[in-house]
Structure formats: structure tokens, C-alpha cells
Amino acid sequence: MEIDEAREVRTTCPYCGVGCGVLAKVAADGEVSVRGDPSHPANFGRLCSKGSALAETIDLDGRLLHPEIHGRRAGWDEALDLVASTFSQTIAEHGPDAVAFYVSGQLLTEDYYVANKLMKGFVGSANIDTNSRLCMASSVAGHRRAFGSDTVPGTYEDLELADLIVLVGSNLAWCHPVLYQRIAAAREKRPEMKVVLVDPRRTMTADIADMHLAIAPDGDVALFTGLLAYLGRHNALDRAYITAHTTGFGQALFAASVLDLAGVAAATGLSEDELDRFYSLFAATSKTVTVYSQGVNQSSSGTDKVNAIINCHLATGRIGSPGAGPFSVTGQPNAMGGREVGGMANMLAAHMEIENPEHRDRMQRFWTAPAIAERPGLKAVEMFQAVADGRIKALWIMATNPVDSMPDADAVEAAIKACPFVVVSDVLARTDTVRHAHIRLPAAAWGEKDGTVTNSERRISRQRAFLDLPGEARPDWQVVAEVGKRMGFAEAFSYASPSEVFAEHAALSGFENDGARDFDIGAYAGVDAEGYEELAPFQWPAPSPVTPLWPKGGRTTGHQPIRFFADGNFYTPDRKARFIAIRPAVETRTSLDYPLILNTGRIRDHWHTMTRTGKSPRLSQHIAEPFVEIHPADAQRFGIGDADIARVSSPRGDVLVRALVTARQRQGSLFAPMHWTDQFAAKGRLDALTAPLTDPVSGQPALKHVAARIEKFAAKAFGFAVMRQRPTPDTATYWAVAKCKGGWRVELAFADDDIDWAGFAGALFGTPPGAEILAYHDRDAGQHRIAAFDGDHLSGALFVAPGPVAVSRGWAAEQLNADHVDRRGRLAIVAGRPGGVDVDRGAIVCSCFGVGANQIAQAVRGGCASVEAIGAALHAGTNCGSCRAEIRIIVDAQILQAAE
Ligand SMILES: Nc1nc2c(c(=O)[nH]1)N[C@H]1C(S)=C(S)[C@@H](COP(=O)(O)OP(=O)(O)OC[C@H]3O[C@@H](n4cnc5c(=O)[nH]c(N)nc54)[C@H](O)[C@@H]3O)O[C@H]1N2
Ligand SMILES: Nc1nc2c(c(=O)[nH]1)N[C@H]1C(S)=C(S)[C@@H](COP(=O)(O)OP(=O)(O)OC[C@H]3O[C@@H](n4cnc5c(=O)[nH]c(N)nc54)[C@H](O)[C@@H]3O)O[C@H]1N2
Ligand code: SF4
Ligand SMILES: [Mo]
């Protein structure tokens, strides 16, 4: 037992910004298993569905394992020489601003630090920007406007200590599930704790909300300026805090007061009664945390939203004390670390400012750099525009997939295609971005590389390798450093290990700091390889103390939470926080041609462009195809039926997705997930529709608010198939593939029904010669079912119908793993329905135990009346807990139905 424990490697989850500790174990046969790290202060042993399924995502299938130059395999030396010489030559001919790096919050701090150092200090340009521009830029800008620094004041414990949590534009249940669970657990202990959700949609997060405010898109500025005015009117201000620690309150209150309650109601789409209830609750509850995420950041008024929220916390002095504060939760595992190293085009490393000559000078001296970027570089959207118009001639993309995730993605793809020199560092050989790279560099993936990440509460944790590097893959920091050396900067980039990079990063944070900058981990400046190996999670700041914290453990025990600003001391010149005067303004983006607002975001079990979660059968069964949520009234208005294929279009592009008619959606809005790419669907790249419209302060694109229209795609035939091999169903107009246990499943729709179905099935399954084919055709009814057997195994089954195919997906997929010895069972497949003994599980709700909606409903009918009872009966919801909100909805619906 003890030996087993010893072989567990302590690392950190590579998905969201919660930053959960993970224990990864490699068994003697090489099989990897993971569990939550009970001692990690972010999760105390919990993991969500994505974290729990990590072991399913680390196989080498599809990995890029060797460098490639123009599609041919090359050695590292040749590839690195070519990258370095082309960048150097481009700079020599066209200046430093003719090159750019587009990087990612999924890089480790060490990777990020080296990339930023090379660009800002040695190339001498600030043309390094990151996908965090699409994610955190408005929060960063809002923090800097208010606090003079990009500081998240609070800590996770505040979510448990608060009496009121306001969730704004955050689907915490699906996107930060372990934080959601911590709140849910705290609320069970203290039922008096209240939760308010502000989201146009009724998401799963509404499950723990006492109040759901289904706000109009971008109504948030009006909501929070209205709140500030209300706090002023009702004497709910902390005048002492305002006077001692802030400036600009008068102007902010004046600007906020332009709308009366009726005006706020009109701008937010909420009733005066709803507003009054929310405002009075906020005014009365001093322990309030406002958590916000992409519904706030990804907006053309994102920075104003952030400051409208912060204004309310400053006005009530609710900041930096236990259970109180504004709390921007980060998306990616290292969104926060990227901000620390200056990964954004408008920042320097260690939270120094590019506009500040003293900071630039300090930076240059610390690095003994030949240059230092003199002015902010191009932000993501501008950067790809500069690629498009030829100003940028050499581009290096690392750990991000802009052809899928940037707004106006078709234009971004065209720009990349036209760029004379494109380098992509990725772990996969095929993504929508990698396909356009001139140079492909194989990166080490999670589990293979060492480094650090910083989570939403400023906690720095180690990611540790527990697998060997496959093929010729290398960690990103090393690759960038090699290019730096080959560009002539050998001394500055001669790191031997990530611990050396981390130590330099820590030293820089403390360099000439003396409390002037928030980000200071000077205590770790002396960390050596051994100390780095043992590094326990710690929260910043950790300034250099008289007795060094390092070596020997540092802040490994106690986990004393660190907060900022309870006593003021902001990072502005006068050390006071700034209120920002914000006037609510509502923008109409819809038109006669595009009468709906398309809102975009995430689902529970997929991560971004599915390069990892798409490998997991478990995660792929929760939602297996791209979809659009539409309100029943809109569905009727636009002639969309449930499960129809719908074409959603904007002036820039269109997608084909499954329609999901639901009253949880706001009328006038659509919602579609961002995850599907050309690798998984025929036409699901959602960002082909979004606009390159950005927030004027932060440059963050408004990805949640796109004018769109919807129409039914008049499919003549629909299909569903399961098969052992990965299909390429290119002849179908609509297709979406998903991994399932033992093979793949695919949803299909066809513009035409004059198709040789047997031939289509054969191509889809790759049916081997000699396979037994069973088929059922009813041409008049448009029904076709074809199954192919290879010995006792199903190699594929196709079901075709004139309308959405009604066969049970779960049952069909399970047939890939069943023995089909008897003919009756084989015929059941062609009959398209489960045989007598099988229960159709329905859509999978609990990924951990594979429990479906039908099973849960059946258990409720059998007497289980709560989520706990379902857990006891079926195990559903008892492992990671990510599905508990969905289980509750099924339980409630069944009980309601029984009562009717
Ligand atoms: N399962 C999963 N988890 C993830 C990720 C993932 O891909 N999958 N990605 C991670 C990353 S990088 C990020 S950034 C986070 C994102 O985490 P979240 O921000 O929680 O997720 P989103 O789904 O992008 O958007 C949140 C909500 O904003 C709402 N919204 C849209 N417009 C408005 C508006 O005008 N006002 C308000 N108040 N709300 C609005 C949407 O309806 C949506 O429910 O998730 C992280 N966690
Ligand atoms: N419409 C719409 N668009 C959005 C959003 C939205 O809400 N709506 N959200 C935006 C947000 S918040 C975000 S964060 C972005 C995310 O969008 P992306 O960053 O484009 O998405 P990922 O799929 O995470 O891409 C990561 C890539 O890095 C590779 N990779 C993984 N690990 C490593 C590594 O260690 N090294 C290297 N070199 N490569 C690696 C993966 O294979 C993958 O190709 O999308 C943005 N786009
Ligand atoms: S909440 Fe889930 S995805 Fe996020 S870090 Fe924890 S286990 Fe990973
Ligand atoms: Mo993000």
C-alpha cells in the first residue's frame, strides 16, 4: 500500500483555473489513474468530470511526435535553425514588429516567461499576445483601472465564508465545478447563505441560486451602476473606507445615477421588483463576494462591467476581508501565471508597465537585454489583422488553436494561410490551426512536462511529469530557449531546467520591488532543482523575508489565506483605489436580417477545441454533437423543431448544429457551444460567426453577443451510426463524430435522400471483406438500417430515417462492445431497439458511472426522491459530483410529473 502511495506523482489539473491538485499513478503495466489530491488547498481531494477522466486523454493517438518542415519530417536542429534564421532575417529586413508570437494560458509559467523574454527583451517588440486576450483581458484592465495593478484580492475560502455570492456571467457548475461544489457544500452547512445568478440563460448553476436574474445581453453595466446608485440612495455605503482609501466616488455615483429604477429595468430586461430584491439583499449583506467570468469579460463593455462591479465593492468597503470581495475567476489553468510573466502585448513581466520608462529600464537591466519593447504590441484581434495585411510576416503560435477560437475565425484562417512563415507548437499532429503551419513543433503534453501554474486565487502549484517524453516531443520553454540561443542570445537563454526559469521569474518579481508591485514571490528566488521538485502550493505574494522561506518547505503548511486591500494600500501612485465613472449605455446589435443575439460558451464535459476531451469516451457521451439552444417561442417563430438541424448565420459565416428547444434559454437569444471544430463536425466552427468587435479599453472580443439568424436545414434524411473505426462521413451535409467506448458514433443529416445506403455504410464502417451484413430497407418510409458484423463483433451499424433518428444512442454504442453470437441479438440491432433484457439508459448524465437520464427517471419512479437517494441507488453523482445539478432537475421533473 505504502509503495503504491509512493509512486503517485503530485501534480495539477491542466484544465480550468480552479487549479485542482491531482495525484497521478502509473501502474506497473503502464496504466495511468488519477485522483484528487486531498492535501491540495484548491480542491481538498475533489475533482470534476474532466479532471476525473484525465487518464483517458493521455494516449499517443494523433500526437505530433517529430518536428515537420512543410509537411516532411525533420530533425530538431534543422527545424530550430530555420525558425531562428527566418525570424532573425524578417526582423533584420522589416523591423522587430514584423514578427509575432500568439501564445496561451495553457502554457506553463516557465514556457510563458521564456517566450515573453525573447519577444520583449531580445526581439525588442511587444508583439506577443495570448488567448487570454479572449478570456481575461477585461478583468486585467478593470483591475488596473481600479487598483493600479492586476490584483485578484480574494481567496477561495471567501466563497465559503460569504453570506451572499453573486455569480455574474459565470456558469460555475460546468466551468469551475470544484468551486461550485465548495459553494454547494458551504451552503448545505449554512443554509442562510444566499446565491444570486446573473445570466441570460438558466444554466445548471441556477440549481444553487436563490435568485436567477435572466438579464438582457450586456445589461450588466446598467445592473451594477443601478446598484451603486441604490447603495447611495439607501445609505448603504462605507463612508470611512471611501474617504480613507479611494478617489473619484462622487463622479462615479453621479454617472451611475443617470437611470432611475425604471430605466435600469428597461436596460436589464428585469422587473423593478427583481431589481429591488437583489439590491436590498446586496445592501444588507456585508459579507458579499461577486464572482464573475466570461459573461462579463467577453463583451464590448467588458471593462466597464468589471469596474461597475468593483465600484460597488469599494463603495461598501467589501474587499479583502474574509467573505467579501470582487472575484474574477480565471478560465485556463495558467491564465494567472501568464499575467504574471507579462504574456500580454500591453504588459511587461512581473506586473510592470510597458508605458512606464522606469519599469522598462528596470526590466532591461534585469535581463541585460539588448532592447526592450518601447510601446504596447498588437492585441490578438489586431495581431491577426496585421498578419492578414502583411505587416506581420513571421508568426509563432503556441498551445492555442486560433482557427477555431478567435472571432471572425474564417478571416483568421485566411490570414494564417497567407502568412509567409507560420510556426505552430502543439501536441497534436492535426488541428484546424496545425494544418496551416509551415513548421510544426511537437510539444510535450500534460503529464510529460514540469513547471508551475497559478490558479484563480493566486496559488502557484507544480505540474510534474509522470510519463516519459514521447517521440521527439520537447517542453515549450526549451524549444523557445533554443530558438533564442540560435538568434544570438545564448547567454540569456541557456537554461538547463524549468527550475532555473522559475528562480529567475521569482527573482525578477522581487527585483527593486520593496512593496511597490503586488506580484512578488521573491521568497522563491533562490529555489534550486531539489527545492523546485518539492515545491508545495503557495499563494502570492511571498516577498523575500529576512529568513528565506526557501529551501525547506516554504509555505507548505497552514495555508493561511492571503488577501489584498482590506486596509487600502492600492498600487496607484497615491495608494488609493479609483472609482471609475461609468454611464450605462445599451447597444442594439440585432437587425431585420439578423434578429437574434447569439451567445456562446461552454459545456460541462468538453474543453475548448476538444483536442483532449474529444479523446475520452466518457466525456464525449454527455453531449455528443454541436447544438444551439433556442427558446420555444423563437423556435415556433422561425420554424425550428426540437432535434432539427439548424443553420445559424451571422454576416460572417454559418454553422450547422442540432436544435435544442428549451425554456431555459432567454427569448431573443440563442446559445451555442464553442467546442466543435472541423475535426469533429462538418460545419461547427462557431467562431466563423463571431465578430472582431472588441472592448475599447481591454481589446477583448465580444464573443457573447453576436447578431445572428436561424433557419431550419431542410434535411431529406437523418442518420446515426456507430462503428469501430473513426469515420470520414464527408458525403453527409451534416455530421458530428464522437468517441465512444470501443469506437465512434456519428450523427448525420443529408440534403438529399437519393443515396446508396449500403455503399455509404460500407465506406463509413470500412467493412472488411467477408463481413456479415444485415440490412432492413423500407424505401417508402425512408427507413434504412444496416449492420455489419466481423465474426461475433459489430463493426458498424447505421440507422437512417426521414426525421431525427429515434434509436437509443447509448444502447447502440454499447453494441460495439457486446458479443453478438446469437442471431436474434444481431437482428435486434437492425430492428433498431434494445432487446428484452437491456434497459435503455438514455442520455448519459453521470459520466463517472455512465448513468443515463432514463435510469435516473426510473429510479425516481421507484421511490428515490433526492439526489442523495439516486446516488445511493445508482452511484450517479457520487464521484466528482459534476452532474448533481442535472440529476436534481430530472428528480424534480419526475416528482412534478407524478404530482400532476
Ligand atoms: N467544461 C469546461 N470548463 C471550462 C472551460 C471549458 O472549455 N469547458 N474553459 C475554461 C475557460 S478558458 C474559461 S474562460 C472559463 C469560462 O467560464 P464561464 O465564463 O463560466 O463560461 P461561459 O460558458 O463561457 O460563459 C458563462 C456564462 O456567461 C453568460 N452570458 C452571456 N452573455 C452574458 C451577459 O451579457 N451578461 C451576463 N451576466 N452573462 C452572460 C452565458 O450565458 C454563460 O452561461 O471556463 C473554464 N472552464
Ligand atoms: N465563441 C467563443 N469563442 C471563444 C470563447 C467563447 O466563450 N466563445 N472563449 C475564448 C476563451 S476564454 C479561450 S481561453 C479560448 C480557448 O481557445 P484555444 O486556446 O484555441 O483552445 P484549446 O483547445 O485549449 O487550444 C489549445 C491547443 O494547445 C494544444 N496544447 C495542449 N497542451 C499543450 C502544450 O503543453 N504545449 C503546446 N505547445 N500545445 C499544447 C492543444 O492540442 C490545442 O491545440 O477560446 C476563446 N474563444
Ligand atoms: S474543477 Fe475540474 S477542470 Fe477545473 S481544475 Fe478542478 S478538476 Fe480540473
Ligand atoms: Mo478562457
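## Ligand 2 and its contacts

A polar side-chain atom of Asp476 lies 2.7 Å from a nitrogen atom of ligand 2, a polar contact in the sense of a pair of N or O atoms within 3.5 Å, where within protein one atom must be able to donate a hydrogen and the other to accept it, and residues adjacent in sequence count only if both atoms are side-chain atoms. This is a predicted model, in which local features need pLDDT of at least 70 and side-chain atom pairs count only at pLDDT 80 or more, whereas totals for chains, interfaces and linings use all residues. Residues are numbered from 1 along each chain as its sequence is written, chains are lettered from A and ligands numbered from 1 in the order in which they are written, and side-chain values use heavy atoms, with hydrogens and water left out.

Asn131 places a polar side-chain atom 2.7 Å from an oxygen atom of ligand 2, and an N or O atom in the side chain of Arg602 is 3.0 Å from a nitrogen atom of ligand 2. The protein covers 98% of the 920 Å² of accessible area that ligand 2 has on its own, areas being taken from the Shrake-Rupley method with a 1.4 Å probe. Around ligand 2 there are 29 residues, of which Gln106, Ser405, Asp426, Thr609 and Asp687 come nearest; a residue is counted if one of its heavy atoms lies within 4 Å.

By class, this shell divides into nine nonpolar, 14 polar and six charged residues, where Ala, Val, Leu, Ile, Met, Phe, Trp, Tyr, Cys and Pro count as nonpolar, Asp, Glu, Lys and Arg as charged, and the others, Gly among them, as polar. Because domain 2 (68-131 + 334-495) and domain 4 (596-613 + 624-702) both give residues to the shell, ligand 2 lies between them; the domain bounds come from an automatic or database domain assignment.

## Ligand 1 and its shell

Ligand 1 is surrounded by 35 residues, the closest being Asp199, Asp220, Ser293, Arg602 and His606. Backbone N or O atoms also approach this ligand: one of Cys175 lies 2.8 Å from a nitrogen atom, one of Gln294 lies 2.8 Å from an oxygen atom, and one of Arg604 lies 2.9 Å from a nitrogen atom. Of the 910 Å² of accessible area that ligand 1 has on its own, the protein covers 99%.

The elements that give two or more residues to this shell are α7 (172-175), α14 (294-297) and β21 (596-601), helices (H or I, at least four residues) and strands (E, at least two) being DSSP runs numbered from the N terminus. The shell around ligand 1 has 11 nonpolar, 15 polar and nine charged residues, and at least three residues are drawn from each of domain 3 (137-328) and domain 4 (596-613 + 624-702).

## A three-stranded sheet

An open sheet of three strands has the order β17-β18-β19 with antiparallel pairing, two strands being paired if DSSP finds at least two bridges between them. Since β17 (451-454) and β19 (538-539) stand at the edges with a single partner strand each, one side of each is left without a neighbour in the sheet. Strand β18 (residues 459-463) is joined to β19 by two bridges, and Ile460 stands opposite Phe538 in β19.

## Arg658

Arg658 belongs to strand β24 (residues 653-661) and, at 8% relative accessibility, counts as buried, a class that means under 20% relative accessible area, with exposed over 50% and partly exposed in between (1.4 Å probe, protein chains only). The side chains of Arg658 and Glu747 are joined by a polar contact of 3.1 Å.
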